Amino acid sequence: MINIIFIGAPGSGKGTQSELIEKEYSISHISTGDMFRENIANGTELGKTAKGYMDKGELVPDSLVIDMLFDRLKKDDCKKGFMLDGYPRTMEQAKELDKLLEKLNYKIDAIINLNVAENIIIKRLLNRGRSDDNEETIKNRIKVFESQSKPVLEYYKDKVYIIDVESLENETPEDIYKKIKKGLDEIKK
């Protein structure tokens with residue numbers, strides 16, 4: 001069992017890498033973005049509220065996210081391990097997550113920190129073609145990520161193993177995955 005937090009700017013490849021990790025390590029991939037999109041598609045109140053924030057490139061309020069996450073982590077598939085993609089994004093969320101995990105008797109074993117240059121992220125997200133992906137919104141999301149998410153790494157640096165992964169423009173998802181796998185295999189030893 002291994003529990004992971006995935007940190008990286010929007011468009012850094014967290015979703016792609018999460019799928020590869022999920023397949024190999026048989027742990028559940030929990031993407032807050034996917035949870036929001038599912039709620040939006042189903043027209044739930046949470047989805048409508050979340051969409052308003054997401055369309056502006058802002059973060060969804062913590063209270064909405066933590067309630068949703070609590071329900072998700074109680075599911076049986078998380079007992080074999082899980083990977084959080086898109087959460088926590090702020091110091092407050094990291095502290096709330098610690099309380100939540102304590103209630104559920106879980107702990108975080110590692111953080112995978114994906115570093116990707118801004119120009120690569122912009123190119124990737126514009127090619128993705130979602131309604132919330134235009135250059136201005138993308139730049140705002142990167143700025144929000146930088147200011148709020150980087151301190152999360154500081155918060156965890158003495159608590160868990162951090163796997164720093166530099167993602168270069170000419171590298172394939174498989175190249176990036178090899179770097180991640182090397183770090184995860186170190187933890188399992």
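I began with burial: 48% of the 189 residues in the protein chain are buried, where buried means under 20% relative accessible area with a 1.4 Å probe, protein chains only. This is a predicted model, in which local features need pLDDT of at least 70, side-chain atom pairs count only at pLDDT 80 or more, and totals for chains, interfaces and linings use all residues. Residues are numbered from 1 along each chain as its sequence is written, and side-chain values use heavy atoms, with hydrogens and water left out.

**Overall form.** I looked up the secondary structure and found eight helices and five strands, taken as DSSP runs (H or I, at least four residues, for helices; E, at least two, for strands) numbered from the N terminus. Their order along the sequence is β-α-β-α-α-α-β-α-β-α-α-β-α. The radius of gyration is 16 Å, which agrees with the value near 16 Å for a compact globule of 189 residues; it is taken over C-alpha atoms, and the globule rule is 2.2 Å times the number of residues to the power 0.38. I read the spans of the C-alpha trace along its principal axes as about 45 × 40 × 30 Å.

**Contacts.** With contact meaning heavy atoms within 4.5 Å, I looked at pairs with a separation of 6 or more: 74% of these contacts join residues 24 or more positions apart.

**Cores.** I next listed nonpolar cores, that is, sets of buried Ala, Val, Leu, Ile, Met, Phe, Trp, Tyr and Cys residues joined through side-chain atoms within 4.5 Å. The largest has 40 residues, and Leu69, Leu73, Phe82, Leu97 and Tyr156 have the most contacts inside it. Helix α7 (residues 135-156) gives this core its largest share, seven residues. A second, separate core has 16 residues, among them Ile2, Ile21, Leu114 and Ile176.

**Helix α6.** In α6 (residues 118-128) I found Ile120, Ile121, Ile122 and Leu125 buried. Their cover includes β4 (110-116), α7 and β5 (161-167). After α6 comes Gly129, with a positive phi near 70°.

**Tyr87.** Is this loop residue, Tyr87, buried or exposed? Tyr87 lies in the loop between β3 (81-85) and α5 (91-104), and counts as buried because its relative accessibility is 2%. Leaving aside neighbours within four places in sequence, I noted its contacts as Ile5, Thr32, Val65, Ile66, Leu69, Gln93, Glu96 and Leu97. Leu69 in turn touches residues including Ile30, Met35, Leu84 and Leu100.

Technical notes:
Buried means under 20% relative accessible area, exposed over 50%, partly exposed in between (1.4 Å probe, protein chains only).
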